[in-house]
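Dear colleague,

Please find the structure below, together with its sequence.

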Amino acid sequence: MIVVRYADDTIIGFEHPQDAERFLADLSARLAEFGLGLHPEKTRLIEFGRNAIANHRSRGLGKPKTFDFLGFTHYCATRRSGSGFVLGRTPIRSRMQTKLREIKKQLRATRHDGIEAQGQWLAKVLRGWLAYYAVPMSAPAITAFRHHLIERWLRAVRRRGQKHRLPWRRMKLIANRYLPYPRILHPWPEQRFLVTHPR
């Protein structure tokens, strides 16, 4: 088995499903002795890993289920060649939407501050977002986040007055002047593991 823990969130992996089922039953019983319980919406058993995709296909169940942990949705994927298991990670959709709503609110409040001030602030926000979420397999999500950020910036600028309608083409040029283009900043998990646990 393998245990990954951060604060009060824990992921426990087992090789055999019967071991996972027995552990969950024992853990629930142990916590009940102290008047505690597992969160019903956050506690579940799922099939995950290198054999999950093939097993689900053979049973006609579609794609394996995903789980959220530390701001990422984790899912089973394969390499570009179509062979070999890859751990896929992408920012949780609800977290992205919440952050974009915060950005929209701030842009409305500062829409008269000028393009330069807004651009510098948005660049800091985007760099902070990428510093955490720019992991392998997340390129589509972080690229989409930048695109939606620019859209909200454009709407805020257009709301300054009814006469001036800034076109999207020009807005993209302005955004490219201030906002970094997304790129993967972190290594694959196994590369980081080999650095800290050399053989």
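Predicted model: local features only at pLDDT ≥ 70, side-chain atom pairs only at ≥ 80, totals over all residues.

Which residues does Gln118 touch, not counting residues up to four places away in sequence? They are Leu107, Thr110, Arg111, Trp153, Val157 and Arg160, where contact means heavy atoms within 4.5 Å. Gln118 has its place in helix 4; helices are DSSP runs of H or I with at least four residues, strands are runs of E with at least two, and both are numbered from the N terminus. Because its relative accessibility is 2%, Gln118 counts as buried. The cut-offs are under 20% relative accessible area for buried and over 50% for exposed, with partly exposed in between (1.4 Å probe, protein chains only).

Residues are numbered from 1 along each chain as its sequence is written, and side-chain values use heavy atoms, with hydrogens and water left out.

The nonpolar core

A nonpolar core is here a set of buried Ala, Val, Leu, Ile, Met, Phe, Trp, Tyr and Cys residues joined through side-chain atoms within 4.5 Å. The largest such core has 29 residues, of which Phe145, Trp153 and Leu179 touch the most other members. Two or more residues come from each of helix 3 (93–109), helix 4 (115–133), helix 5 (139–158) and helix 6 (168–178). Helix 5 contributes the most, with 9 residues. Apart from neighbours within four places in sequence, Phe145 is in contact with Met96, Lys99, Leu100, Ile103, Leu126 and Trp129.

Aromatic residues

Rings of Phe, Tyr and Trp (its six-membered ring) are paired if their centres lie within 6.5 Å; planes under 30 degrees apart are stacked, over 60 edge-to-face, and the rest tilted. The count by this rule is 9 aromatic pairs. One aromatic cluster is formed by Phe72, Trp129, Tyr132, Tyr133 and Phe145. Over the ring of Phe72 sits the charged end of Arg89, 5.7 Å from the ring centre; the criterion is NZ of Lys or CZ of Arg within 6 Å of the ring centre and within 35 degrees of the ring normal.

Helix 6

Met171, Ile174, Ala175 and Tyr178 are buried in helix 6. Seen down the helix axis, these buried residues fall within an arc of 100°, so they line one face of helix 6; the arc is that of the directions from the axis to the C-beta atoms. Arg169, Leu173 and Arg177 are exposed on the other side. Helix 4 and helix 5 are among the elements that cover the buried residues. Ile174 has 8% relative accessibility, and its contacts beyond four places in sequence are Ile115, Trp153 and Leu166.

The hairpin

Strand 1 (residues 2–6) and strand 2 (residues 9–13) pair in the antiparallel sense over 5 bridges, where pairing requires at least two DSSP bridges. Ile2 stands opposite Gly13, and Arg5 has Thr10 as its bridge partner. The two strands form a hairpin with 2 residues between them, and Ala7 in the turn has a positive phi of about 55°. Strand 1 is hardly covered, with 0 buried residues among its 5.

Yours sincerely
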